[in-house]
Amino acid sequence: NRRWSPAQAREFLHLHSTLALITLHTDLSPQRTLPPGGSKLPASSVQSSGPLLQLHPDILASLFTPEGQPYLLEVMFAMRELSGPLSLLIEMVTYCSYCNEGFSLGVLQLLKSQLETAPPHELKNVFQMLQEILVVEDPLQSQRLKYAFESDRGLLALMHQSNNVDSRRCYQCVKFLVTLAQKCPPAKDYFKDLSGHWSWAVQWLQKKMTEHYWTPQSNVSNETSTNKTFQRTISAQDTLAYATALLNEKEQSGSSNGSDGSPANENAERSLRQGSESPMMLGDSKSDLEDVDS
């Protein structure tokens, strides 16, 4: 049980940022479980003017041992409860995940638990952290994708569980999938190969869009509103368009025997490109999951 309320936890922003900053200035290479190969560390806003600090036993215990679970759980709650800048926390978690299998899978499990249990209007930053971990390009990237989506209690299972009882949670999962595909080529290829497992969600979203009239309020959001039902918005329309184009690209690629120069593939790429360039699409490089519902 937590010792403080969510309101009290909001006062910890500067403490969270300080701990993250210390970690980002620490040499975590001894904790890597795989060699980097040709991969590079995730880009960071933190610039070190000198050599990195040696790993302090307290940092080691808080991040890389079972005793550190309460701290990592507080990081998860911070992503839900804090309204200030959370970029340092996200950078810290992605830095710790780099080439570290145990940490990667452990933090993904914590994130999946939050996505499953937290109120839908508190998931925006949780999805943001999940995205930044999944776009890390290292030897563990494909394993992280499979663990996040296909494992027990993964996002594919969550979509199946929530589509009839929690439509906003299911929608956010669909939006996250297509946003990740836009921002991460390996994820896009992965979802194309996995299309048979999530194509039903595109049909589900299309049905949801036909069941609802356009909302007259410009500030309604399926991600930040406390309304419990799905709302038909421009962002949801764009999500549906991109997901449909992604499925069509997979089908057309198969029918043309994988010929990249075929008219079918060109049409699909054009559709995807137009969607990603639309000013009403899902976000830019630093706010990929920011809501643009209107």
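Reader: Where does Cys99 lie?

Author: In this predicted model, Cys99 sits in the loop that joins H5 to H6.

Reader: What makes Cys99 count as buried?

Author: Residues under 20% relative accessible area are termed buried. Cys99 has a relative accessibility of 0%, so the term applies.

Reader: What is the phi of Cys99, which is not a glycine?

Author: The phi of Cys99 is positive, at about 55°, although the residue is not a glycine.

Reader: Which side chain has a polar atom that lies 2.7 Å from the backbone nitrogen of Cys99?

Author: That side chain belongs to Asp138. A polar contact requires a pair of N or O atoms within 3.5 Å, and the separation between the backbone nitrogen of Cys99 and the polar atom of Asp138 is 2.7 Å.

Reader: What makes helix H5 mostly covered?

Author: Helix H5 spans residues 87-97, and nine of its eleven residues are buried. These are Leu89, Ile90, Glu91, Met92, Val93, Thr94, Tyr95, Cys96 and Ser97. The cover over them includes helix H2 (13-24), helix H3 (57-64) and helix H4 (69-81). Helix H6 (101-117), H7 and H8 are also included in that cover.

Reader: How do the axes of helix H7 and helix H8 cross, and within what distance do they come?

Author: Two packed helices are described by the angle between their axes and the distance between the axes. For helix H7 (residues 124-134) and helix H8 (residues 141-149), the axes come within 9 Å and cross at roughly 145°. H7 contributes Leu130, Ile133 and Leu134 to the contact, while H8 contributes Gln141, Arg144, Leu145, Ala148 and Phe149. By class, this contact comprises six nonpolar residues, one polar and one charged.

Reader: What does Arg153 count as in terms of relative accessibility?

Author: Its relative accessibility of 34% lies between the 20% and 50% limits, so Arg153 counts as partly exposed. Arg153 is located in the loop between H8 and helix H9 (155-162). Its phi is positive, at about 65°, although Arg153 is not a glycine.

Reader: What makes Ser195 buried or exposed?

Author: The relative accessible area of Ser195 is 12%, and the limit for buried is under 20%; Ser195 is therefore buried. Ser195 is found in helix H12 (residues 195-211).

Reader: Which backbone oxygen does the side chain of Ser195 reach, and at what distance?

Author: The side chain of Ser195 reaches the backbone oxygen of Lys192 at 3.2 Å, and the cut-off for a polar contact is 3.5 Å. Ser195 also touches Leu247 and Lys250, with residues up to four places away in sequence not counted.

Reader: How many helices and strands are there in the chain?

Author: The chain has 14 helices and zero strands. Of its 294 residues, 47% are buried. Among contacts with a separation of 6 or more, 75% join residues 24 or more positions apart.

Reader: What pLDDT does the chain average?

Author: The average is 84, and 83% of the residues score at least 70. Over residues 257-294, however, the pLDDT is below 50; this stretch has 81 contacts in the model beyond near neighbours in sequence. Where pLDDT is low, the predicted coordinates should not be read in detail.

Note on methods: Residues are numbered from 1 along each chain as its sequence is written. This is a predicted model: local features need pLDDT of at least 70, side-chain atom pairs count only at pLDDT 80 or more; totals for chains, interfaces and linings use all residues. Side-chain values use heavy atoms; hydrogens and water are left out. Helices (H or I, at least four residues) and strands (E, at least two) are DSSP runs, numbered from the N terminus. Buried means under 20% relative accessible area, exposed over 50%, partly exposed in between (1.4 Å probe, protein chains only). A polar contact is a pair of N or O atoms within 3.5 Å; within protein, one must be able to donate a hydrogen and the other to accept it, and residues adjacent in sequence count only if both atoms are side-chain atoms. Contact means heavy atoms within 4.5 Å. pLDDT is the predictor's confidence in each residue, from 0 to 100. Axes are lines fitted to C-alpha atoms, for helices over the stretch in contact, and angles run from 0 to 180 degrees between N-to-C directions. Ala, Val, Leu, Ile, Met, Phe, Trp, Tyr, Cys and Pro count as nonpolar, Asp, Glu, Lys and Arg as charged, and the others, Gly among them, as polar.
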